[in-house]
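Student: Could we go through this one together? I'd like to start with how the elements are counted.
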Amino acid sequence: MATTPTEVSAKIPPRVARVWFGSIAVIVAVSLIIQLTLIFASDQNGHYGTDGPDLTVAAKLVRFLSYFTIQSSIFVLFTSIALAVNVHRDGPVWRVMRLDAMLGIVLAGLVYETILAPLVHLTGWALAATIGFHYVAPWSILLGWLIFGPRARMSWATVGLAFIWPILWLTYTFVHGAITSWSPYPFLDATARGYPQALLNSGLAVIVTIGIVGILAVIDKWLPPFVRKQ
């Protein structure tokens with residue numbers, strides 16, 4: 001007799017999921033600490049927010065926090081800690097934060113691998129942090145969601161609210177770029193590429209994001225979580 005998803009779900013105890021998400025939280029926290037240390041040490045190989053020899057510490061920190069990858073990683077850190085405590089956590093605000101964490105870090109991983117990786121040549125600790133941000137976190141958080149859930153949590157209201165943060169980030173990026181002539185990503189740099197091209201690139205990013213959300217929403221409704229209830 002074939003094993004049903006419900007029968008499979010009874011075979012994975014919650015502690016396995018807690019260990020998984022706790023490990024993700026540790027990896028992301030270490031990556032953030034490494035990257036911040038490189039920035040404050042004025043290590044140009046740190047990559048994030050270190051452009052320009054005359055930048056103040058505050059300006060470096062603002063640039064660091066302006067990266068979509070970093071904001072996504074912060075979402076991942078806090079939601080992973082929360083899931084390590086209670087893998088069945090729920091609530092309307094929590095659902096939006098969880099979707100933003102997963103959506104943001106997966107998009108960051110895809111963009112880095114397809115566009116940014118050939119443009120940067122990192123070594124040492126900077127490379128270690130980048131591996132944590134762009135390779136370990138995106139796919140471990142996605143795999144953890146596929147195996148452990150929690151699901152089903154993606155209503156249309158949740159999806160709509162989850163888009164508020166990316167849209168605010170894009171708006172901030174263009175406003176900040178207009179004021180400082182700096183952009184966290186070259187494909188959104190309106191100063192270098194012009195607003196038509198930068199806006200076109202941002203539109204393509206939004207389309208990709210909608211596609212990712214659509215796939216996740218279908219999976220969310222179709223695939224049950226394989227974690228035993230408390």
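Tutor: Helices are DSSP runs of H or I with at least four residues, and strands are runs of E with at least two, numbered from the N terminus. This is a predicted model, in which local features need pLDDT of at least 70, side-chain atom pairs count only at pLDDT 80 or more, and totals for chains, interfaces and linings use all residues. Residues are numbered from 1 along each chain as its sequence is written, and side-chain values use heavy atoms, with hydrogens and water left out.

Student: OK, where does Ser72 lie?
Tutor: Ser72 is part of helix 4.

Student: Is Ser72 buried or exposed?
Tutor: Ser72 has a relative accessible area of 0%, so it counts as buried (under 20%, with a 1.4 Å probe and protein chains only).

Student: And which residues does Ser72 touch?
Tutor: Leaving aside residues up to four places away in sequence, Ser72 touches Gly104, Ile105 and Trp165, where contact means heavy atoms within 4.5 Å.

Student: Switching topic, how many cavities of 30 Å³ or more are found?
Tutor: The search of the whole structure gives three. A cavity is a set of points on a 1 Å grid over the protein atoms alone where a 1.4 Å probe fits but cannot get out, and lining residues have an atom within 4 Å of a point.

Student: What lines the largest cavity?
Tutor: Its lining has 19 residues, with Phe68, Leu107, Trp169, Leu170 and Ala205 nearest the centre. Helix 4 (68–85), helix 5 (92–116), helix 8 (164–180) and helix 10 (195–222) each give two or more residues to that lining.

Key: On a 1 Å grid over the protein atoms alone, a cavity is a set of points where a 1.4 Å probe fits but cannot get out, and a pocket is an open set with protein on both sides within 12 Å along at least five of seven lines; lining residues have an atom within 4 Å of a point. Grid points are joined across faces, edges and corners, and a volume is the space filled by probe spheres set on the points. Buried means under 20% relative accessible area, exposed over 50%, partly exposed in between (1.4 Å probe, protein chains only).
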